[in-house]
Amino acid sequence: MALPSYTETRYRIWHYIYIGICTFVFFFLIAPLFVIFPLSFNAEEFLVFSEGMKNLDPDAFSLRWYKDMIYGTKNPWGLAAKNSFVIAIFATIGSIILGTLAALGLSSRHMPYKGIIMATLISPMIVPLIISGVAIFFFMAKVGLAATHTGIVLAHIILGTPFVVITVTATLSGFDHSVTRAASSLGSNPVNTFMKITLPLILPGVISGGLFAFVTSFDEVVVVLFLAGLENTTIPIQMWTGLREQLSPTILAVATCLIILSTLILISAELLRRRSERLRGINR
Amino acid sequence: MSSEIKQILTTDGIPLEVSLKKAEKKNKIKAFLLVAPLLLFLIITYVFPIGEMFSRSIDDKMITNMLPKTFKEMENWDGKELPSEEVFTAFYYDFKVLVEKQEHGKLGQRLNKEKNGFNSITKKLFRQVKRKKIDESISIKEQVMKVHKRWRNVEYWQAIKRTAPPYTLAKYLKGMDMYYGADGSITQVDEDRRIHRILWLRTLEIAFFVTLFCFLMGYPIAHLLATLPMKYSNLLMICVLLPFWTSLLVRTASWMILLQQQGVVNDFFVMIGLVSDDNRPEMMYNKVGTYVAMTQILLPFMVLPLYSVMKTISPSLMRAGKSLGGTPFVAFWKVYFPLTIPGIGAGCLLVFILAIGYYITPALVGGASGTLISNQIAFHMKQTLDWSFASAMGLMLLTGVLVIYWIYNKLVGVDNIKLG
């Protein structure tokens, strides 16, 4: 962002103010995440930087909260992690299947009532979670699925499908339909065409939608709070209870693990996005 | 001419037009069948339950079913003077049934909500009925009136009559701090008890300012990201995307650590001498905490739509503006800014919609003065168990959100939502 040499002083000053504002905003966005790392290695029980930590004294750091996270009995983090992963994986699979099918239908130019159907399918993303939570709770209680894994998985499919629908529809918008017609004219049946031609081409969109659905389920707390019993506790529920009651550094250890997980997901999502753009021939 | 076209046949001997229509219809059905599973699933598990929230919010059938004979007799009552012997008798027999089913307590509670003082007089009546003190062969009206002087007060009978319809809007009125007065007209609650209106206004206020802050902070960085060369902007994009992908609870937790009284932000303020060490300001459990945390959490939702719009604006437009004699400010204001308005609309509406229904962050960092309408809904769902009131409040909030969603759909189009 070097300025041309003829720039007037007042624009030069304005430019530096602009850079300053941007630096501040980026710092504001990213810095809060980095407070968690050092504090999760705190040797003490308080959630503040101790004198020892400020002086980088090695004794002030320890892994005790990570040990507590894995072996501790006070908070069932192990059970919560298992539940979270099981629920998120099933919810992701469900969202991918339903969402991809719907996106295929919606991208067809023959689809009737496209606008209203799209608006309905996206609505779980727009309606405030608390309202979704109340509505889904009423339904699950009526059909006897409250406080079951199945109920939570179904709820997370509801919340996750909009993301799959959006990403797959976006991928299909640049899709060249002549390749599927070519396949049909060469004698392939529709299922075969889908598996061999369409799916590999839209796969990046499907997976990135799946990642969104996974993260949505893995991070979801409002609806689960209504639905979960003691057996169905998830990581977000444990964190929620922990943050409300006893704020212990164990939570920070868990949070650190979650940040690492989200970094991995971010990297895969970015790689997929680039691959998808390359496949669709969008080069910038 | 047209007759000639109609004569064009396919190889099967069917007119082309018919065959084409058939194929079109088949395609339509095919497309619809692909959408059907998800649509059906959502309608059953999501759209209907929201509809059920509505019927629950206006439902008042419980008392209608409790006092069937009374309400039937009351149809002939003008509601001005004490009701007739028949109404009293009908009420007595209804009540007797309730006593046998041990549901008289529920009736008392429900009527007490309508008018204070019902709970004690239904209990008094219950004792009389239980001990069989009421002689059914003589005037029941006289005996009931003797149980307590309030049974002689016409206002209490008017209150019973008001509960007759199986549906009521009372929960919606309660959500706006209003109620049905003694004569059935809509009345405001006393000024010092208008808690819900404060919550609605606060929710709007916080959503508005969070949107404003997000816009003010998001616009410059979206511009920077869109104008920087790819290799730098990709790196900076991570600063936007990492918080976006990180758990909401993790981000809220980090703000709780930063904003606490012994936290890093306060340490920093003490260090630069802004505040004294023994006078650290409270930044959490109030509005400040809610504003700061929500702005940071929702900022990516502002930056991403802005970025995707700004990316499409050719830099030569700004150069053209400048070469035509505009100062950089004029070129920005007259050329660049108007082109970004679709992105501004998309980002602001998205952030506003998300902010207005926020629950987790205000509940954790908001304290008493930072809680929003969502927290009130959760409170009634989990603590008071007044589900019909929670449903009513939820639907009022939903109406607001759907109006914005509709505007969003008109302006941006839901199929233009971009993620990442």
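Predicted model: local features only at pLDDT ≥ 70, side-chain atom pairs only at ≥ 80, totals over all residues.
**Overall form of chain B**

The secondary structure of chain B comprises 20 helices and 2 strands. Its radius of gyration is 32 Å, whereas the globule rule gives 22 Å for 420 residues; chain B is therefore more spread out than a compact globule. Along the principal axes, the C-alpha atoms of chain B occupy a box of roughly 100 × 95 × 40 Å. Of the 420 residues in chain B, 36% are buried. Among the contacts in chain B with a separation of 6 or more, 66% join residues 24 or more positions apart.

**Domains**

The domain assignment divides chain B as listed below.

| Domain of chain B | Residues |
|---|---|
| domain 1 | 2–47 |
| domain 2 | 61–166 |
| domain 3 | 195–416 |

Between the C-alpha centres of domain 1 of chain B and domain 3 of chain B, the distance is 45 Å.

**Contact with chain A**

Which chain contributes 72 residues to the contact, and which contributes 75 residues? Chain B supplies the 72 residues, and chain A supplies the 75 residues. On the side of chain B that touches chain A, helix α2 of chain B (residues 16–58) provides the largest share, with 18 residues. By class, this side of chain B consists of 52 nonpolar, 15 polar and 5 charged residues.

How values were computed: Residues numbered from 1 in each chain as written. Chains lettered and ligands numbered in written order. Helix = DSSP H or I, 4+ residues; strand = E, 2+ residues; numbered from the N terminus. Rg over C-alpha atoms; globule rule 2.2 N^0.38 Å. Buried ≥ 20, exposed ≤ 12 C-beta atoms within 10 Å, placed from the backbone. Contact = placed C-beta atoms within 7 Å. Nonpolar A, V, L, I, M, F, W, Y, C, P; charged D, E, K, R; others polar. Domains from an automatic or database assignment.
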